[in-house]
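Welcome! Open your viewer, show the chain as a cartoon, and get ready to select a few residues at each stop.

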Amino acid sequence: MTYVSAGREYTRDSRYLATRITADGRDGYPVEPGRYRLVVSRACPWASRAVIVRRLLGLEKALPMAIAGPTHDERSWTFDLDPGGRDPVLGIERLRDAYLARDPGYDRGITVPAVVDVPTGAVVTNDVSRITLDMSLEWSAHWRDGAPLLYPPALRQEIDGVNDMVYRDVNNGVYRAGFAGSQEKYAEAYQRLFARLDLLSERLERSRYLVGDTLTEADVRLFTTLVRFDAVYHGHFKCNRRKLSETPVLWAYARDLFQTPGFGDTVDFDHIKRHYYVVHTDINPTGIVPLGPDLSGWLAPHGREELGGRPFGDGTPPGPPPPGEEVPAGHAP
């Protein structure tokens, strides 16, 4: 598979299926517990957003989850972690089948996260930004007791602004560096990435969380890039001004989130590394997966409590992951 176009800047294909699952069903897909299946891969930072938000809000029973394997070919993600290589509910081997059930002529990215309508076997949406926001906006009748407000009305404009700049310069910025087709395009992406990380570090030096004094959608979106930084982006994507673990404020912030229930207990470093180093054959043709980095630092004290803040606001932490959704032993610190 080819991810780098010689001489060109990397441009993400964002032509998502924008259908929404809403409480009133205005797009034809009403919120119904158990009707839909959230398909993810723990390797993917975009899918990891949905995994974390679903855990924090306690939507595990209302929105069951399918976990694809960490690697894929040019056709799509596969369910090679499941017995017989098929998702036990959808009965398919490849996520591609659910996209083609929605549109037999589908010619865009076969991406995760994707929400599949179980009765029809068709993907409803893969709009990554909208999926997590709608968990907060449309699925609230099915939240757990004590679920936090991740997208509170009074802070939505600020959260949206932070999310936009984090997406542009950080979430997608690491890809713009890693998949750059020229030295010039790489240098541009590199400078934008680290300029933004410097500004975020300044912001977080005086505030425990990105917006307000509780966890919000903004923290989820930044975390999924930071948690992959040293394992993948620093070396594989050449984002190597310094490691996250050499950036005091962001490293403490990331450890704080990692040690918060619902964040670190969803992270599978084995899947993360296997995905990037095996799938991106044009920038790692040997397919060799690095053995490092040492993960023990993720559990070191972070000291961020001194900044105050209430992680879950007036709510409570989620319980442990439900059976079958635990990260395998040895895949995390």
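At roughly what angle do the axes of helix 4 and helix 6 cross, and within what distance do they come? Select residues 156–171 for helix 4 and residues 183–205 for helix 6: their axes come within 9 Å and cross at roughly 145°. Axes here are lines fitted to C-alpha atoms, for helices over the stretch in contact, with angles from 0 to 180 degrees between N-to-C directions. Helices (H or I, at least four residues) and strands (E, at least two) are DSSP runs, numbered from the N terminus.

Before moving on, please note that this is a predicted model: local features need pLDDT of at least 70, and side-chain atom pairs count only at pLDDT 80 or more, while totals for chains, interfaces and linings use all residues. Residues are numbered from 1 along each chain as its sequence is written, and side-chain values use heavy atoms, leaving out hydrogens and water.

**Stop 1: between helix 4 and helix 6**

Show side chains where the two helices meet. From helix 4, pick Glu158, Val162, Met165, Val166, Arg168, Asp169 and Val170; across from them in helix 6 are Arg192, Leu193, Arg196, Leu197, Leu200 and Arg203. Contact means heavy atoms within 4.5 Å. The residues of this contact divide into seven nonpolar, no polar and six charged. In this sorting, Ala, Val, Leu, Ile, Met, Phe, Trp, Tyr, Cys and Pro count as nonpolar, Asp, Glu, Lys and Arg as charged, and the others, Gly among them, as polar.

**Stop 2**

Next, select helix 7, residues 217–226.

Now go to helix 9, where 10 of its 11 residues are buried, including Trp251, Tyr253 and Phe258. What do the buried residues of helix 9 pack against? Show helix 6, helix 7 and helix 10 to see their partners.

**Stop 3: aromatic rings**

The count of aromatic pairs comes to 24. Rings of Phe, Tyr and Trp (its six-membered ring) pair if their centres lie within 6.5 Å; planes under 30 degrees apart count as stacked, over 60 as edge-to-face and the rest as tilted. Select Phe237 and Tyr276: their ring centres are 5.8 Å apart and the planes stand at 85°, so this pair is edge-to-face. Phe237 lies in the loop between helix 8 (229–233) and helix 9 (248–258), and Tyr276 in helix 10 (residues 269–279), so the pair ties together parts 39 residues apart in sequence. Are these two buried or exposed? Both Phe237 and Tyr276 are buried.

**Stop 4: Asp265**

Select Asp265, in the loop between helix 9 and helix 10. Asp265 counts as partly exposed because its relative accessibility is 26%. Not counting residues up to four places away in sequence, Asp265 touches Arg55, Pro321 and Val327. Its side chain makes a polar contact (N or O atoms within 3.5 Å; within protein, one must be able to donate a hydrogen and the other to accept it, and residues adjacent in sequence count only if both atoms are side-chain atoms). The partner is the side chain of Arg55, at 2.6 Å. The side chain of Asp265 also reaches the backbone nitrogen of Gly262 at 3.2 Å.

**Stop 5: Glu93**

Finish at Glu93, in the loop between strand 2 (65–68) and helix 2 (96–102). A polar contact of 3.4 Å joins its side chain to that of Arg86.

Note on methods: Buried means under 20% relative accessible area, exposed over 50%, partly exposed in between (1.4 Å probe, protein chains only).
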